[in-house]
Every structure is written in C-alpha cells, then in structure tokens.
Amino acid sequence: MTKEDFNERMSEITQDFDEKKEKLWIEFAKSNNIVQIGDVVRDHIGLIKVEGAQVYLPSFSNYPCMRYVGTELKKDGTLKKRETKRSVYQGNMVEINGKPYKYEE
C-alpha cells in the first residue's frame with residue numbers, strides 16, 4: 001500500500017463517517033422536535049410564528065437541536081407592521097403556543 005492509497009482510503013472512511021454522523025444528528029433533532037409549522041414560540045427576545053425549521057449543532061451542547069424561522073409577532077400575537085423574520089433556537093425557547101417550555105439536555 002502506498003501513501004496515496006492510504007490517504008484515499010482514509011478520505012473515503014472520513015467522508016462516510018461524516019455522512020453517517022450528519023444523518024444521526026438530523027434523526028435525533030427531528031425526533032426531539034415538538035414544534036410544528038404554524039406554532040407560536042417565544043424566546044428571550046419575543047414571539048415568532050414558525051414557518052420553517054433546520055437542524056443545528058449548538059456550541060453549548062453535544063446534541064443537535066432545531067432552529068425555527070418565522071415572522072415576528074407583537075406581544076399580543078398579531079403580526080408586526082414590518083413583518084420581519086428571525087430565528088428562535090430550541091435551546092432558547094421559553095414558551096410554545098402559550099405553554100411554558102424548558103429545554104432539557
């Protein structure tokens with residue numbers, strides 16, 4: 001075996017590992033997701049109406065979580081005038097549809 005053969009096989013193994021790891025992250029995050037499209041979630045900044053979600057790996061945890069994207073709402077639950085979009089991270093949520101939520105690691 002040459003160095004080139006070794007490096008090529010090592011690269012294939014690393015790529016396969018990274019793909020499997022990403023699939024596991026997605027599976028874990030989605031199986032622990034309790035928020036649906038259309039739900040209203042609150043974090044320390046305010047409210048959003050969820051329009052989409054993505055998996056992310058936070059720096060404070062070894063476990064993947066969800067990041068929700070949606071339109072900002074006023075305190076009373078109505079749309080803000082500008083209809084701005086922002087993200088809410090699962091680890092920062094304090095409320096889902098008016099019910100308290102605490103992130104458990």
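Visitor: What makes Tyr-103 and Glu-105 contacts of Ser-61?

Guide: In this predicted model, contact means heavy atoms within 4.5 Å. Setting aside neighbours within four places in sequence, Ser-61 is in contact with Tyr-103 and Glu-105. You'll find Ser-61 in the loop between strand 2 (47-56) and strand 3 (65-73).

Visitor: Why is Ser-61 called buried?

Guide: Buried means under 20% relative accessible area. Ser-61 comes in at 7%, so it counts as buried.

Visitor: Which residues have the most contacts inside the largest nonpolar core?

Guide: That core has 14 residues, and those with the most contacts inside it include Val-35, Val-41, Tyr-68 and Met-93. Strand 2 and strand 3 each supply at least two residues of this core. Take Met-93: leaving out residues up to four places away in sequence, Met-93 touches several residues, among them Val-35, Val-41, Tyr-68 and Tyr-101.

Visitor: How do you know that Arg-42 forms a salt bridge with Glu-95?

Guide: The rule asks for a side-chain nitrogen of Lys or Arg within 4 Å of a carboxyl oxygen of Asp or Glu. For Arg-42 and Glu-95, the closest N and O atoms are 3.3 Å apart, so the pair passes the 4 Å rule. This pair links distant parts of the chain, with Arg-42 in strand 1 (residues 40-42) and Glu-95 in strand 5 (residues 95-96), 53 residues apart. By this rule the count comes to six salt bridges.

Visitor: What makes Lys-85 and Glu-51 a salt bridge?

Guide: Their closest N and O atoms are 2.6 Å apart, and the limit is 4 Å, so they qualify. Lys-85 lies in strand 4 (residues 85-89) and Glu-51 in strand 2, so the pair ties together parts 34 residues apart in sequence. Lys-85 counts as exposed at 52%, whereas Glu-51 counts as partly exposed at 41%.

Visitor: How do you know that Glu-72 forms a salt bridge with Arg-86?

Guide: The closest N and O atoms of Glu-72 and Arg-86 are 3.2 Å apart, so the pair is within the 4 Å limit. Glu-72 is in strand 3 and Arg-86 in strand 4, so they tie together parts 14 residues apart in sequence. Glu-72 and Arg-86 are buried. Salt bridges that share partners join Asp-43, Glu-72, Lys-80 and Arg-86 into one network.

Visitor: Why is Glu-83 called partly exposed?

Guide: Glu-83 has 48% relative accessibility, and exposed begins over 50%, so partly exposed it is. Glu-83 has a positive phi of about 50° although it is not a glycine.

Technical notes
Residues numbered from 1 in each chain as written. Predicted model: local features only at pLDDT ≥ 70, side-chain atom pairs only at ≥ 80, totals over all residues. Heavy atoms only, no water. Helix = DSSP H or I, 4+ residues; strand = E, 2+ residues; numbered from the N terminus. Buried < 20%, exposed > 50% of the residue type's maximum accessible area, 1.4 Å probe, protein only. Core = buried A, V, L, I, M, F, W, Y, C linked by side-chain atoms within 4.5 Å.
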